[in-house]
Amino acid sequence: MTQPVSPPASTDAPLQFDRAEFTEPPPAPRCTACQRAITRTYFEVNSHLLCPECRDTVEASMVGGSKSKRFLTATVFGIGAGLAGAAVYYGVSLTGYNIGLIAVLVGWMVGTAVFKGSDGRGGAGYQVLAILLTYLSVAGSLAPDVYKELTAQPVEAAAGEAPTDEEALSSSGNVVLAGVISVAAPVLVGINSPLSGLIYGFALYEAWRRNKRAELNIAGPFRLAEAAPASEEAAPERQEQSVG
């Protein structure tokens, strides 16, 4: 009689029946705008996942509206940022330090303000506006120094004497002349100091760059894998549009 042969030992781990083990499904993707979980359909807008409702909201915000109102708002925002930037620039110069890189900050401030005023659309007109306001802001920050140079005369009025009409007229003329020269001051400074000219140029570029025409690229609709029908899978519709 042959001896029974024992079955080979299994290398697999023994099955566990005393506890249940569950595998958690991956979390559902969320809409970039509203942060709600996407359950069925989504769109890709400039590489961001959006739910259908947010996609419609974003698309609607980029069309229509009053062009003149947007341009006026962008101008007001840009002037405010330019005045603030000029004040910062001049305030730093009073400390004895001439940090030309602050001009780049001015360009960033003006460019950002103009872009916000345009409802995030941008375009050639807003780029020209941002460059102009940035240049005038830098020129305005140089105006006090220009005025000081014009009024640095050896003639001083006697103590306690009121200025004559001729002196008052001369002072007013200096203010006007300083304003005229200040408009050309960034160019003159750039000629005498190429490094400063390069910094001013980069400030203008920053203002221009931040107001490029907004491109709205929409791809979709897409369906999540678990929400797609088993019998068919529709090809995603792709659409691209430039708005502004």
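This is a predicted model: local features need pLDDT of at least 70, side-chain atom pairs count only at pLDDT 80 or more; totals for chains, interfaces and linings use all residues.
Biologist: How many helices and strands does the protein chain have?
Modeller: Helices (H or I, at least four residues) and strands (E, at least two) are DSSP runs, numbered from the N terminus. From that end, the order is β-β-α-α-α-α-α-α-β-β. The totals are six helices and four strands.

Biologist: Which strands does β1 pair with?
Modeller: Two strands pair if DSSP finds at least two bridges between them. Strand β1 (residues 41-45) is joined to strand β3 (residues 215-223) by four bridges, and they run antiparallel. Three bridges link β1 with strand β2 (residues 48-50), also in the antiparallel sense. The partners are β3 and β2.

Biologist: Which residue in the turn between β1 and β2 has a positive phi?
Modeller: β1 and β2 form a hairpin with two residues between them. Phi is about 50° at one residue in that turn, Asn46.

Biologist: Where is Asp119 found?
Modeller: Phi of Asp119 is near 60°, a positive value in a residue other than glycine. Asp119 lies in the loop between α3 (102-117) and α4 (124-151).

Biologist: Is Gln35 buried or exposed, or in between?
Modeller: Buried means under 20% relative accessible area, exposed over 50%, and partly exposed in between (1.4 Å probe, protein chains only). Gln35 sits in the segment before β1 and has a positive phi near 65°. Its relative accessible area is 46%, so Gln35 is partly exposed.

Biologist: How many salt bridges are there?
Modeller: Side chains of opposite charge can pair when their charged atoms come close. A salt bridge is a side-chain nitrogen of Lys or Arg within 4 Å of a carboxyl oxygen of Asp or Glu. By this rule the count is three.

Biologist: Which residue forms a salt bridge with Asp56?
Modeller: The closest N and O atoms of this pair are 3.1 Å apart. Asp56 is partly exposed, at 42% relative accessibility.

Biologist: Why are Glu206 and Arg209 separated by about one helical turn?
Modeller: They form a salt bridge, with the closest N and O atoms 2.9 Å apart. Both belong to helix α6 (residues 194-209). They are about one helical turn apart because their spacing in that helix is three residues.

Biologist: Which residues are joined into one network?
Modeller: Glu206 is buried, with 9% relative accessible area. Arg209 is partly exposed, at 34%. Arg210 also meets Glu206 in a salt bridge, 3.7 Å from N to O. Shared partners join these residues into one network: Glu206, Arg209 and Arg210.

Biologist: What percentage of the residues of the protein chain count as buried?
Modeller: The protein chain has 244 residues. The share that counts as buried is 27%.

Note on methods: Residues are numbered from 1 along each chain as its sequence is written. Side-chain values use heavy atoms; hydrogens and water are left out.
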